[in-house]
Each structure stands twice: as C-alpha cells, then as structure tokens.
Amino acid sequence: MTAPAAAWVDDPFAEAVRAGRGPLWLRHEDGARIPLDVERWCAPAAASDHSLLRRCLRVNAPVVDLGCGPGRLVAALLALGVPALGVDITGAAVARTRHLGGPALCRSVFDRLPAEGRWGAALLADGNLGIGGDPDALLRRGAELIAPNGLLLVEVEPEEVDERAVVRVEGPDGRLGPPFPWARLGAAATLRRARTAGLVEAERWTSHGHHFLALRKG
C-alpha cells in the first residue's frame with residue numbers, strides 16, 4: 001500500500017515542513033508512536049550530519065539525497081562545493097530545498113532519475129531506509145544509482161531491529177496522514193539485505209547518537 005503523490009500536499013508532514021517545526025510522529029497500526037525530528041531536519045546541517053558530509057567530500061563526485069526532506073543536506077553539500085540533487089515525494093519538502101538554493105525533484109526514488117549509475121554517493125539519511133517499506137528494493141535501487149566506485153551512505157537504527165509496518169504521520173492536533181508502508185533496520189539486518197543487492201560494507205560509524213553504514217558495490 002503506497003499513498004499517491006497527491007496525498008502529500010496538505011498532510012501533517014507537509015504542514016510541518018512548511019512551518020519548520022513539529023511535533024510529529026509516525027503512528028503504527030497498534031497505536032505506538034515514534035517521534036519525528038522535524039526541527040532538526042529543517043535546521044542547518046549540524047552534529048552527526050557533518051560525518052555524512054565529510055564522506056561525501058571524499059568521493060569527489062555529485063551526490064543524490066534520496067528522501068531529501070527540507071533540504072539541509074543538499075544545501076550543506078552545495079556550500080561545500082559538492083554538486084547535489086534532492087529527491088522527495090513531498091512537494092513542500094522540494095519547495096523548501098529549492099528555497100535554500102538546492103536543486104530538487106518531486107518524485108519517488110523509484111522513478112527515473114538523472115545520471116543513474118553515475119552518482120558518487122547516494123544518501124539514505126533520517127530513517128529513509130524505510131522508504132516504500134521494502135528495504136531490499138530500496139537497496140537495489142541505491143546500487144543502481146551509484147557509480148561503480150560510488151557509495152550508498154545509509155543511516156540505520158541504533159538497535160538491531162528488522163521490521164516492516166504500515167504507518168501514518170500524526171500531527172500535533174491528532175490528525176493523521178495517509179497510510180504508507182515503512183521499515184526500520186539496524187546494521188546487521190541492513191548488511192544482510194545489502195548483500196542480496198550486490199552491496200558490501202565499506203565502513204560503519206556512530207556520530208552524536210546516530211548510526212551509519214557506507215556500502216559499496218561488491
């Protein structure tokens with residue numbers, strides 16, 4: 001089950017991105033909620049973001065941010081002289097990225113994208129490994145996008161989890177957005193699935209409580 005792109009116009013996530021603040025949660029079908037850090041996403045890149053940015057500098061090639069959200073990583077990469085493109089299905093997120101001066105496309109990461117197979121790095125930050133609720137397909141997609149010597153830089157959960165669920169975004173007034181499939185994976189589960197996508201571990205690190213993997217083609 002995937003919500004159509006038109007659903008991501010006036011849902012709680014789009015409203016929070018336009019406002020630049022939450023609170024906002026991912027609500028599971030059983031009522032459990034996971035907070036979403038909208039304020040951090042809408043703020044300039046800081047703390048753990050810089051560990052990603054440094055690795056993008058090393059590849060010395062353009063970077064695509066898959067699920068770029070409000071565009072802080074795209075803007076930070078451009079400020080460092082790294083060509084970057086944001087991709088997001090939410091129009092408000094794309095508009096905010098463009099307002100920061102970053103190029104961005106309003107489309108699914110599974111749609112046709114520019115320079116497929118030639119990106120120096122592709123980013124899946126801020127839990128975006130969950131996009132589509134099918135991490136196997138998303139990792140294969142990441143492998144398709146990067147160059148033969150490129151990197152897929154993935155933020156993973158701090159705990160060893162491997163779950164898929166149908167969730168909805170919940171705003172501060174309790175209003176719910178459309179249902180959509182999502183996934184949460186720790187490092188071990190990500191590496192298991194990465195191998196089936198032809199990817200292997202190049203590096204792992206932790207920064208300011210955030211956990212990351214760098215994957216390359218095996």
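How many bridges join strand S8 to S9, and in which sense do the two strands run? Select residues 162–170 for S8 and then S9: six bridges join these strands, which run antiparallel. Strands here are DSSP runs (E, at least two residues; helices are H or I, at least four), numbered from the N terminus, and two strands pair if DSSP finds at least two bridges between them.

Before going on, note that this is a predicted model, in which local features need pLDDT of at least 70 and side-chain atom pairs count only at pLDDT 80 or more, whereas totals for chains, interfaces and linings use all residues. Residues are numbered from 1 along each chain as its sequence is written, and side-chain values use heavy atoms, with hydrogens and water left out.

Widening the selection brings in an open sheet of four strands, in the order S2-S1-S8-S9, with antiparallel pairing. Its edge strands, each pairing on one side only, are S2 (33–35) and S9 (180–185). Neighbouring strands of this sheet are turned by 40 degrees against each other on average, direction ignored; the axes are lines fitted to C-alpha atoms, and angles run from 0 to 180 degrees between N-to-C directions.

**Glu-170.** Stay on strand S8 and select Glu-170. This residue is buried, with a relative accessible area of 7% (buried means under 20%, exposed over 50%, partly exposed in between, with a 1.4 Å probe and protein chains only). Show the side chain of Arg-27 as well, since a polar contact of 2.6 Å joins it to the side chain of Glu-170; such a contact is a pair of N or O atoms within 3.5 Å, where, within protein, one must be able to donate a hydrogen and the other to accept it, and residues adjacent in sequence count only if both atoms are side-chain atoms.

S10 and S11 form a hairpin with two residues between them, and His-208 in the turn has a positive phi of about 50 degrees. S11 also pairs with S7, in the antiparallel sense over five bridges, and here Glu-155 can be found opposite Phe-212 in S11.
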